[in-house]
Every structure is written in C-alpha cells, then in structure tokens.
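Subject: Structure for you to look at

Hello,

Here is the structure I said I would pass on. Please open it first, then read the notes below it.

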Amino acid sequence: MKRSFWLVLVFIVALALPSVIGEFWVHVAIEILILGLFAVSFNMLFGYMGQLSFGHAAYFGVGAYATGLLLLKTPLPLPVCFFISMAAAGLAALVFGYFCVRLTGIYFAILTMAFGQLIYYIIFQWYAFTGGDNGLQGIVPPGWLLNVRHYYYFTLFIVIGALVVMWLISASPFGHTMRAIRDNAERTRFIGINVRRYMLINFVIAGMFAGLAGGLLGPFNRSIAPDLCNWQQSGIPVFMTVIGGPLAFFGPMVGAVIYTLLFALITGFTEYWPLTIGLVIILVVLYLPGGVLGLVQKKWIPLHSKKLTPGPNGGAGEEI
Amino acid sequence: MIFAQFMSGLSRGMMLFLIASGLSLIFGVMNILNFAHAALWLVGAYLCYTFWYLMPNAALGLWLSIFLAALSLAAVGWIIEAVLIRRVYDRELSEQLLLTYALVLIIDDLIKIVWGVEDKLIARPPLVAGPVFIFGAPLDSYFIFVICVGFGVAIGLWWFLKKTRYGHIVRAAVFSREMVSALGIPIPRIYTGVFALGIFIAGLAGAIQAPVGSITLGMDMAVIIQAFCVVVIGGFGSLLGTFVASLVVGEVYAFSILIWPEGALALIFIVTALVLIVRPWGLFGTPART
C-alpha cells in the first residue's frame, strides 16, 4: 500500500521531469535509467543469489556492441536490435555462467572477472569487427528518437518494462528459490532443487538485462568504447547497489540515482571524482551497511509491522 | 633469441611474484583480498622516484631509494590496516572487496595530486645501465638484478614462515585464529604485522619496477588483475604456488607475445579460468580452504 504510493509518485515525477529540467539534466536522467537497469540486473546475482559478480560489465558491453553494430551495419529497427542484444548477452552469460555457477564466494568473483576481462580483450583486439580501442562511432538512433527528450521517454518505458519483468521474476517461486539458495545452498539442494541449474538460469537473466541496458547506451551516447566492458566498469553496479541497498529490489536504482547525480555534480568542479566516490564508498561500507534503503527500513518502518532479521550482507531487514 | 625471451619472461615473472606474494600472504592469513595492492605498488614506484630525485649525488642513490620506498610504504600499509582494514574483518567478502577497491580509487587520485600527471623517469646507475652478454645473448643487466631480488624475497619469505617463531605464529593463524588467540598471542598485532609485511614487499616491487621504464599513472590497473590471476593459479595462501604461477605466467606471456601478440594478455585469463574451473583452490593450494 505504502510502497505503491511511492512508486506512483516516482512514476509521475519521472514523467514530468523532462518538462521542468534542462537538457543536461535530461542526459543525466537517461544515464540514471540505463545504469540503474544495469545495477538492478547485477543485483539479481548479488542480492538474490548472494554471489558477487565482478565481470557484469562484459554482458553490458556485449549488449552495447550488438545494438551498435546492428545499427551501423543493418537497417533493422531499434527494438529488434535490443532483442538481439539481450539474446547475445544472454548467450555469452550462458556460456561463461555455465562455469561460474560451479563456484561461490571469492572464486565466483574472480572467475566472473577473468571471463569479463577475456571478453574485454577480445573486443579490444578485434579491430576488424569491433573497431578495437577506437570503439564504434556514429551510432545514430532512428529519427523519432533524435530529440533527447523523446529518447528519455523511450528509455523510461523500456526500463520500467524491464524492471517489471525482473520484479515479477524476483517475486515468483523462482525468485524465492534464489533467496533460498543464497541463504543456504545445501539445504536447498536437499529439498531436490538443482542449485546449479537455477543459478545458471538466474545468471543468464541477469546477463540479458545487462545486455538490454548496454543496448540503450549506444544510440544515447552515439558511440561505444571497449572500456565499458572492463573490470572498472564492472565496479559501477557494485557501488550503486551497495550505496542503495542490495536487499531491496529498488536499492540499486536508488544507488544509481545517488551515484550518477553525485558524478554530475562533482565533476562540475573537480576532476577528482574517483577520490570522492572512493571516500563515499568507504563511509557507506563502514557506517551504512545495508545502504540507503537499509537505513530507511531500519529507521522508518515500525518494528511491530515487520519482523527485522539481519540480512546476509551485514544489512538489516528483509527485502522491501 | 629464445634465451633472451626466457630471461625477459623470468624477470617479468619475478616482478609478478613480488606483487603477488604479498597479496597471497595477506589473503592467506587475513582472508582479505586486497584490491589496493597494485595501487600501493605504484605508490612504491613514485616514492622511489622521489627519494632518488632528492639524492642526486649519492653514490648509492637508487639502492637507498628502493629500500626507503619499501620501508615508508610499509608504514603506509600499517596505517591503512590499523585505520580501515581492521574494521571489516568480520564483514562480508563483498564489503571487504569494496573497501579495498575504494582505496584503489583514492590512492590513484592521491598519486595524481602528489606527483602530477607527467611520466617519471629514473636514470639507472652505470652498474645496471648497459646490457650484459650471457651465452652471446645481450641481456638487460637490470633484469638480472630483478631476478636476484625475486629469488631473494622468495627465500627470505620461506625462511621467515618456516624457520622463525613469528613465521610459525603466522602459519598457525592461517589455520585457526581462535586457537592462536587462545594461546595468548594478540591476533590484531599479527594481522597488522602481516599486512605491513605484504605492503613492504609490494613497495619493494614498485621501487624495483620504477627504473625499468617510465612510471605512469594507471599502471596498477593491469597489474592488479594479473596478480590476482597469479594468486588464483598458484593457490591462495601458498607461497610455492605463487612462485611457480608467477614464473609460468611470466614465461607464457614472454613467449606468446612472440607468436600471437594480440592474444598474450587474453591467454592469462584463459589459463586462470581453466585453473578455477578444474582446481578452484589452485595448483598448490589445499581444497580445505575453499
């Protein structure tokens, strides 16, 4: 009840936003939507499956390159490109995820990173196909999306659609099975669930939505660089999720808003953005485990209405 | 030609070993994967440059600078452990990783603020400036020095861990924190010491790297990933494993760059992925630790 009120409010604000803010901030808003979708897809692995992927940018990058290349070399309409982006990223996630889900913890993190770097080096070196370190230039969206405000609404509806689908997945029996695996993989196996297969399906879903987010990026930026596949880029959804709160579905989205707004504000008057975000992350890790939404839960949701249990990531409270 | 390539791979491997051994030591004892290891390594290189710059006329300028850089970096490591790392021992893996990753961002920007964006170059003393000839093949004499230091650190660490009282305590702490602490040994002090030692070796590695080529911002980003790969291949916490894996990675890189230059770096990740899939605990690690 209370949450649906907030969601409707956020939706109305999102609809009205482009008519009250300048073009620069519309760009920032689009970036928030794209990176927010990327971070929510990452949190399918981190928050719901309990595994930290440090190579999620690879699937984001595969999606970006798929749409970018299709727009440059074929006359396919944009929505079709997005579907192919999702399929390509999902395929990559299927191949690499098959191995990754055999491991957990630190080994999962490093294997996802190793595969991510592998994809990065392939894209970086394959000049004939991906343009190597020059990236892809001149990715132009169709005419009706050239106006940045139009692209904003287009992105808004795609991201909302994707969030609804991911929300339904996380609320489905499948989503609850993922939570069970996160909390105790061994017990989940004992009740007859094929843990690896479930983890792999989840890995592919997360990869597909990262691919969709990547697909949205190319026509927005008009260019793609291989840097958006490397491990530093993989850190961005991790930051957003930890700032916003990994135990809430919308936590990564909140984190994306904070991170991107901070980036837009800070880079306006200092070049030392990494220093700033580094300090923010340290403060969040030390003093705000559970992220912003974790804090909101702890402070404002009355104890008697919801039983609070300590989360697996050091945060407080169950999913909101 | 092949011998020269072998030696270049050896020196590259030794350099990797110097970075990865501290990383592996810290992970083995403290269970913390230190993302900031290579960033600190780069600070070591810049510190070496500064000390060298301040002592233009000293006969042993470079050698003294290397030692001072490693020592002052150990002090930095000691502070970082006492102020930050200590607070996250009982936290989730993701939080520990994020904390050290945040340190990378901070340290890299601090380097930019302190030393600026220009590349730094150290002129080598005449002793290691020219080539030497072994079996008729010209070799960079500085590489010989690097290889010697690598072997020296490997032997020194082995001796420390196997033969000294402190080494025994450190190895015992790897197995059971509680037991060691129950024997009245202050675990926090051991951890601080191990972290400072790991960072000391990183500083030594950075300072030794400094005169190899120019010191550039962002050098650490590629190095940290390779060091992770080495530690994974060798097995977390295994000194011998790290040593062997460093040499393998160094040689594989040196030879694959002759045959297939585009794939040289990608090959490391393929090897790492293969090891993780087949033996997640690494070539020389023990399955119990997983």
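**Salt bridges**

A:Arg182 forms a salt bridge with A:Asp183, their closest N and O atoms lying 3.0 Å apart. The term means a side-chain nitrogen of Lys or Arg within 4 Å of a carboxyl oxygen of Asp or Glu. A:Arg182 is buried, at a relative accessible area of 16%. Here buried means under 20% relative accessible area, exposed over 50%, and partly exposed in between (1.4 Å probe, protein chains only).

Before going on, note that this is a predicted model: local features need pLDDT of at least 70, side-chain atom pairs count only at pLDDT 80 or more, and totals for chains, interfaces and linings use all residues. Residues are numbered from 1 along each chain as its sequence is written, chains are lettered from A and ligands numbered from 1 in the order in which they are written, and side-chain values use heavy atoms, with hydrogens and water left out.

Over all chains the count is five salt bridges. Within chain B, B:Arg91 pairs with B:Glu95, with 3.3 Å between the closest N and O atoms. B:Arg91 is partly exposed at 22%, while B:Glu95 is buried at 7%.

**Between the chains**

How many salt bridges are there between chain B and chain A? The count is one. B:Lys112 forms a salt bridge with A:Glu271, and the closest N and O atoms are 3.9 Å apart. B:Lys112 is partly exposed, with a relative accessible area of 23%, and A:Glu271 is exposed at 54%.

In total, 40 residues of chain B are in contact (heavy atoms within 4.5 Å) with 40 residues of chain A. The two chains bury about 3800 Å² between them, 80% of it on carbon and sulfur atoms. Buried area is the accessible area (1.4 Å probe) that two parts lose on being put together, summed over both. B:Leu98, B:Tyr101 and B:Phe269 supply 16% of the area that chain B buries against chain A, more than any other three residues.

**The core**

The largest nonpolar core has 210 residues. Such a core is a set of buried Ala, Val, Leu, Ile, Met, Phe, Trp, Tyr and Cys residues joined through side-chain atoms within 4.5 Å. Among the residues with the most contacts inside this core are A:Trp231 and B:Phe35. Not counting residues up to four places away in sequence, B:Phe35 touches residues including A:Phe54, A:Met113, A:Trp231 and B:Tyr101.

Regards
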